[in-house]
Amino acid sequence: TLMRRVDIELLRTLDLQGALSVAMDAALRVTNASDAFIGLIEGDKLRIAYVSGSYERDSLLPLDDGVIGRALRSGRSELLPDVTAEPAYVAYLPGTHAQMVLPLVYRDRAVGVLVLDSRRSDRLTADTFEFMKLIIDRITVSVENALLYQLSQERLAQVTELYE
């Protein structure tokens, strides 16, 4: 039911913030994560474009940093049930116990990442991870469509300005 609802809501919007909002809402419903962000790749940085919890919106992170960088390079999602057991983990928020990192990969190109953190070990489970891997492709397509629409609107405005 949730998958169908997410599909319907994602298909209804070409607005980037709307797509990010739907994606974050779905992710939080599935995982009950305490903190989360969706980061979009901009040049050689990852810009935190949408947040829930303690992350700071519009912060810039290095693309090659820790588990997030590894997931972006490999294109593979990662579940860290205990972040202290992962040497590559970079602690952006104190108190995080578990983390889920789901890269947004469109046509073999990473466009961003969805990161979910939990202060409790029982929130980010293998079952929720498998479900998130099922919906991340839908989220990715919606985000990419919104980014393309945003770019087309910017270009249209530039062309219109030239002919005024």
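Colleague: Which residues does leucine 102 touch, not counting those up to four places away in sequence?

Modeller: Leucine 102 touches Ser77, Val113, Leu114, Leu116, Phe129, Met132, Lys133 and Ile136, where contact means heavy atoms within 4.5 Å. This is a predicted model, in which local features need pLDDT of at least 70 and side-chain atom pairs count only at pLDDT 80 or more, while totals for chains, interfaces and linings use all residues. Residues are numbered from 1 along each chain as its sequence is written, and side-chain values use heavy atoms, with hydrogens and water left out.

Colleague: Is leucine 102 buried or exposed?

Modeller: Leucine 102 counts as buried because its relative accessibility is 0%. Buried means under 20% relative accessible area, exposed over 50% and partly exposed in between, with a 1.4 Å probe and protein chains only.

Colleague: And in which strand is leucine 102 found?

Modeller: Leucine 102 is found in strand β5, which covers residues 98-106 and has 8 of its 9 residues buried. Strands (E, at least two residues) and helices (H or I, at least four) are DSSP runs, numbered from the N terminus.

Colleague: How far is the C-alpha atom of leucine 102 from that of tyrosine 89?

Modeller: The two C-alpha atoms are separated by 14 Å, and the residues are 13 apart along the chain.

Colleague: Over how many bridges does β5 pair with β6?

Modeller: β5 pairs with strand β6 (residues 109-118) over 9 bridges, in the antiparallel sense. Two strands count as paired if DSSP finds at least two bridges between them. Within this pair, proline 103 stands opposite valine 113. The two strands form a hairpin with 2 residues between them, where arginine 107 takes a positive phi near 50 degrees.

Colleague: What about β4 and β5, in which sense do they pair?

Modeller: β4 (residues 78-80) and β5 pair in the antiparallel sense, over 3 bridges. Leucine 80 is placed opposite glutamine 99 of β5.

Colleague: Let us turn to β1. How many of its residues are buried?

Modeller: In β1, 6 of the 8 residues are buried, and the strand is mostly covered. β1 pairs with β6 in the antiparallel sense over 6 bridges, with aspartate 35 opposite aspartate 117 in β6. β1 is also joined to β2 by 7 bridges, again running antiparallel. Glutamate 42 has lysine 45 in β2 as its bridge partner.

Colleague: Which residue in the turn of the β1 and β2 hairpin has a positive phi?

Modeller: That residue is glycine 43, with a phi of about 65 degrees; 2 residues lie between the strands.

Colleague: What covers the buried residues of α3?

Modeller: The cover includes β1 (35-42), β2 (45-52), β4, β5 and β6. The buried residues of α3 (residues 66-74) are Gly66, Val67, Ile68, Gly69, Ala71 and Leu72. Just after α3, glycine 75 takes a positive phi of about 75 degrees.

Colleague: Next, the other helices. At what angle do the axes of α1 and α2 cross?

Modeller: The axes of α1 (residues 2-11) and α2 (residues 16-31) cross at roughly 170 degrees and come within 10 Å. That makes α1 roughly antiparallel to α2. Axes are lines fitted to C-alpha atoms, for helices over the stretch in contact, and angles run from 0 to 180 degrees between N-to-C directions. Angles under 35 degrees count as roughly parallel, over 145 as roughly antiparallel, 65 to 115 as roughly perpendicular and the rest as oblique.

Colleague: Which residues meet there, in α1 and in α2?

Modeller: Leu2, Arg5, Val6, Glu9 and Leu10 of α1 meet Ala19, Val22, Ala26, Arg29 and Val30 of α2. By class, these are 7 nonpolar, no polar and 3 charged residues. Ala, Val, Leu, Ile, Met, Phe, Trp, Tyr, Cys and Pro count as nonpolar, Asp, Glu, Lys and Arg as charged, and the others, Gly among them, as polar.

Colleague: And how do α1 and α4 pack, at what angle?

Modeller: α1 and α4 (residues 126-162) pack at about 10 degrees with their axes 10 Å apart, and are therefore roughly parallel to each other. Leu2, Met3, Asp7 and Leu10 in α1 meet Phe131, Leu134, Ile135, Arg138, Ile139 and Ser142 in α4. This contact has 7 nonpolar, 1 polar and 2 charged residues.

Colleague: Finally, how many helices and strands are in the chain?

Modeller: The chain has 4 helices and 6 strands, in the order α-α-β-β-β-α-β-β-β-α from the N terminus. Buried residues make up 43% of its 164 residues.
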